[in-house]
Amino acid sequence: MKIPFLKNLCEKIQNHNIEKAKELKEDRTKNGNKTKLLSLFLFVALPAPLTGVWSASMLSAFLDVSPFKSMLTIALGNLVTASFILAGAKVILCNPTAHI
């Protein structure tokens, strides 16, 4: 007589676990996309060889990021890189004693 009770209890626990797993998967997908976009931004914003727009575009294709979001992220990263390089050039050109 107690077996149907245990069966119902096990089914409720299993359904609860399945729902929680689905919620976690959705949360990780949302956080994963944010992490991918932040990684692309930092990859482009770092002014180093082979970390430019073309390489980031290829990387976004491999990471399966939507084209619009990746294009916007890469453009912002490129703007940050350009401002770093412009600020460095201005310091070097405007201060003759700063030459190496």
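Let me begin with a term: a residue is called buried when its relative accessible area is under 20%, exposed when it is over 50%, and partly exposed in between, with a 1.4 Å probe and protein chains only. What we have here is a predicted model, in which local features need pLDDT of at least 70 and side-chain atom pairs count only at pLDDT 80 or more, while totals for chains, interfaces and linings use all residues. Residues are numbered from 1 along each chain as its sequence is written, and side-chain values use heavy atoms, with hydrogens and water left out.

On confidence, pLDDT being the predictor's confidence in each residue from 0 to 100, the chain has a mean of 83, with 91% of its residues at 70 or more.

I turn now to helix α2, residues 53-63, where helices are DSSP runs of H or I with at least four residues, numbered from the N terminus. Ser55, Ala56 and Ser60 are buried in α2, and, viewed down the helix axis, the buried residues fall within an arc of 140 degrees, so they line one face; that arc is taken over the directions from the axis to the C-beta atoms. The face turned away from the buried side carries Trp54, Ala61 and Phe62, which are exposed. After α2 comes Asp64, with a positive phi, near 60 degrees.

Why does Ser60 count as buried? Because its relative accessibility is 6%. Counting contacts as heavy atoms within 4.5 Å, and leaving aside residues up to four places away in sequence, Ser60 touches Leu40, Val65, Ser70 and Ile74. The Ser60 side chain also reaches the backbone oxygen of Ser57, at 2.8 Å.

Key. Helix = DSSP H or I, 4+ residues; strand = E, 2+ residues; numbered from the N terminus. Polar contact = N/O pair within 3.5 Å; in protein donor to acceptor, adjacent residues only side chain to side chain.
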